Amino acid sequence: MRKLRKLLALVAIGSCVGVGSFDAAAAQSKVGNAAKAATPLTTEELFRLYSNRSWLWKDGAGYFPSKQRRFTAVTGRGSAGSYGVGRWFLTDPGKLCFKATWHVKSGAAPALTCFSHRKKDGVVFQKREPDGEWYAFKNAPIKVGDEYRKLHPGDYVSANLGKIEAKLSATSR
C-alpha cells in the first residue's frame with residue numbers, strides 16, 4: 001500500500017511538472033514570437049540603455065562607461081572571484097557585446113559575450129547570443145522582475161575590481 005501511495009504521489013508530481021513545463025514552454029513561445037516580430041533597437045537606443053550604467057548580477061556587476069567604451073566586471077569574492085577588463089560595443093541591428101579578458105585564480109582568458117535587443121509596443125526583448133531565449137527585458141510599464149531594473153547609473157565595479165585583482169595576484173604567487 002505504501003509503495004502504491006508513493007507511486008501515485010510521483011505520478012501526481014510528474015503530472016504537475018509536465019503541465020508547468022507545458023505552460024512555461026507556451027509562455028516562452030509567445031515571448032519568442034513577439035520578439036521575432038519586434039524591431040531591433042538602434043545603436044542610439046542601446047547606447048542610452050547601457051551607457052554609464054552598471055548591470056548588477058547575482059554575484060557581481062559589469063560596468064559600461066561611455067568614455068572609450070571600456071568594460072569592467074567583477075564576480076564572486078576573494079580568491080574565488082574573477083574580474084574582466086575589455087571593451088563594450090554596439091552593432092546593428094540591436095546588439096550589445098563586450099569583449100574582455102577574464103582573470104581567475106588559475107589564469108586568464110578572453111571571452112566575447114553578446115545580447116540582442118528588440119522592441120515592440122514599448123517592451124524591450126533581450127536574448128543572449130547565439131543560443132539564448134528571448135525574454136522581456138524591460139516592460140512598459142516597468143515591472144518588478146524586469147532585468148532592466150538591474151541596470152543602475154554609475155560604477156558599481158571599480159570598488160571591488162582592485163580588491164579581487166589584488167587577491168588573485170596574491171594567490172598566484
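In the predicted model, strand 6 and strand 7 form a hairpin, with two residues between them. Strand 6 covers residues 95–104 and runs antiparallel to strand 7, to which ten bridges join it. Within this pairing, K95 has S116 of strand 7 as its bridge partner.

Strand 7 (residues 107–120) also pairs with strand 1, a run of residues 39–40. These two strands are antiparallel and are joined by two bridges; T39 is bridged to K119 in strand 7.

A further antiparallel pairing links strand 7 to strand 8 (residues 123–129) through seven bridges. Here S116, the bridge partner of K95, stands opposite K127 in strand 8. Strand 7 and strand 8 likewise form a hairpin with two residues between them. In that turn, D121 has a positive phi of about 55 degrees.

Turning to open space in the model, the largest pocket has a volume of about 170 Å³. Its lining consists of twelve residues, and D59, G76, R77, N160 and I164 are those nearest the pocket centre. Strand 4 (70–75) and helix 3 (158–171) are the elements that give two or more residues to this lining. Helix 3 provides the largest share, with four residues. By residue class, the lining of the largest pocket divides into five charged, five polar and two nonpolar residues.

Methods
Residues are numbered from 1 along each chain as its sequence is written. This is a predicted model: local features need pLDDT of at least 70, side-chain atom pairs count only at pLDDT 80 or more; totals for chains, interfaces and linings use all residues. Side-chain values use heavy atoms; hydrogens and water are left out. Two strands pair if DSSP finds at least two bridges between them. On a 1 Å grid over the protein atoms alone, a cavity is a set of points where a 1.4 Å probe fits but cannot get out, and a pocket is an open set with protein on both sides within 12 Å along at least five of seven lines; lining residues have an atom within 4 Å of a point. Grid points are joined across faces, edges and corners, and a volume is the space filled by probe spheres set on the points. Ala, Val, Leu, Ile, Met, Phe, Trp, Tyr, Cys and Pro count as nonpolar, Asp, Glu, Lys and Arg as charged, and the others, Gly among them, as polar.
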